[in-house]
Amino acid sequence: MADVRSLVFQDIDECLYRILKDSLVYLETKHLPIDIMTEKTYLYYKESLKKQEEISMEQAINMARTAYEALADKKGEDIRVIDISEISPIADYFIISNGTSSSQVDALVDNVEEKMHKAGYSLKQQEGTNSGTWVLMDYGDIIVHIFDKENRSFYNLEHIWSDGREVEM
């Protein structure tokens with residue numbers, strides 16, 4: 001329930017910020033006086049949203065680090081972390097890796113699930129679990145892609161998302 005409240009308050013804060021910003025722009029263009037409390041309130045919400053974004057990005061990088069370490073623990077190959085926050089609204093990071101067999105892909109998935117759960121992160125959606133060739137794990141701020149070797153080279157997500165920035169872990 002606290003997560004839902006947090007989202008609601010973020011949306012309200014952003015809504016108020018946008019209303020205040022638009023109001024200030026309107027007043028300035030019409031050369032009308034700007035109330036000092038309106039300006040202070042605008043600055044308050046602007047700073048508040050900036051801090052929320054910083055906290056969100058810090059949480060996302062911590063999530064990415066947890067997933068990366070879980071993949072590394074089970075010898076995931078060629079683990080890549082791509083920051084897509086500036087180019088897509090679907091997530092902040094993609095973590096991409098592959099296993100050498102379907103059983104290793106399953107082990108990688110299980111370890112990511114276990115480590116993320118222990119760290120307090122909830123899996124929102126998972127696709128491809130039964131295939132052993134490509135499993136997508138959506139944690140909201142991050143999306144983990146675990147492939148077998150053949151499908152990783154075929155889909156080549158690193159190329160598709162090359163506008164993102166690769167992050168070293």
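Is Tyr 42 buried or exposed at 13% relative accessibility? Tyr 42 counts as buried, where buried denotes under 20% relative accessible area, exposed over 50%, and partly exposed the range in between, computed with a 1.4 Å probe on protein chains only. The model is predicted, so that local features require pLDDT of at least 70 and side-chain atom pairs count only at pLDDT 80 or more, whereas totals for chains, interfaces and linings use all residues. Residues are numbered from 1 along each chain as its sequence is written, and side-chain values use heavy atoms, with hydrogens and water left out.

A pair of aromatic rings is described by the distance of the centres and the angle of the planes. Rings of Phe, Tyr and Trp (for Trp, the six-membered ring) are taken to pair if their centres lie within 6.5 Å; planes under 30 degrees apart count as stacked, over 60 as edge-to-face, and the rest as tilted. By this criterion the structure holds 7 aromatic pairs. One of these joins Tyr 17 and Tyr 42, which are stacked because their ring centres are 5.5 Å apart and their planes stand at 15°. Tyr 17 belongs to helix H1 (residues 2-29) and Tyr 42 to helix H2 (residues 36-73), so the pair ties together parts that are 25 residues apart in sequence. Helices (H or I, at least four residues) and strands (E, at least two) are DSSP runs, numbered from the N terminus. Tyr 17 is buried, with a relative accessible area of 15%.

A tilted pair is formed by Trp 134 and Tyr 155, with 4.6 Å from centre to centre and 45° between the planes. This pair links distant parts of the chain, 21 residues apart, with Trp 134 in strand E4 (residues 134-138) and Tyr 155 in helix H4 (residues 149-155). Trp 134 is partly exposed at 25% relative accessibility, and Tyr 155 is partly exposed at 34%. Ring pairs join Trp 134, Phe 147, Phe 154 and Tyr 155 into a cluster.

Several loop residues were also examined. Most residues other than glycine have a negative phi. His 31, although not a glycine, has a positive phi of about 55°; His 31 lies in the loop between H1 and H2 and is exposed at 73% relative accessibility. Lys 75, likewise not a glycine, has a positive phi of about 65°. Lys 75 is placed in the loop between H2 and strand E1 (77-83) and is exposed, at 63% relative accessibility. In the loop between E1 and strand E2 (93-99) lies Ser 88, which is buried with a relative accessible area of 12%. The side chain of Ser 88 reaches the backbone nitrogen of Ile 90 at 3.2 Å.

A nonpolar core is a set of buried Ala, Val, Leu, Ile, Met, Phe, Trp, Tyr and Cys residues joined through side-chain atoms within 4.5 Å. The largest such core has 24 residues, of which Tyr 93, Ile 95, Val 112, Tyr 139, Ile 142, Val 144 and Ile 146 touch the most other members. At least two residues of this core are supplied by each of H2, E1, E2, helix H3 (102-118), E4 and strand E5 (142-148). H2 contributes the largest share, 7 residues. Apart from this core lies another, of 9 residues, among them Ile 82, Ala 91, Leu 157 and Trp 161.

Notes. A polar contact is a pair of N or O atoms within 3.5 Å; within protein, one must be able to donate a hydrogen and the other to accept it, and residues adjacent in sequence count only if both atoms are side-chain atoms.
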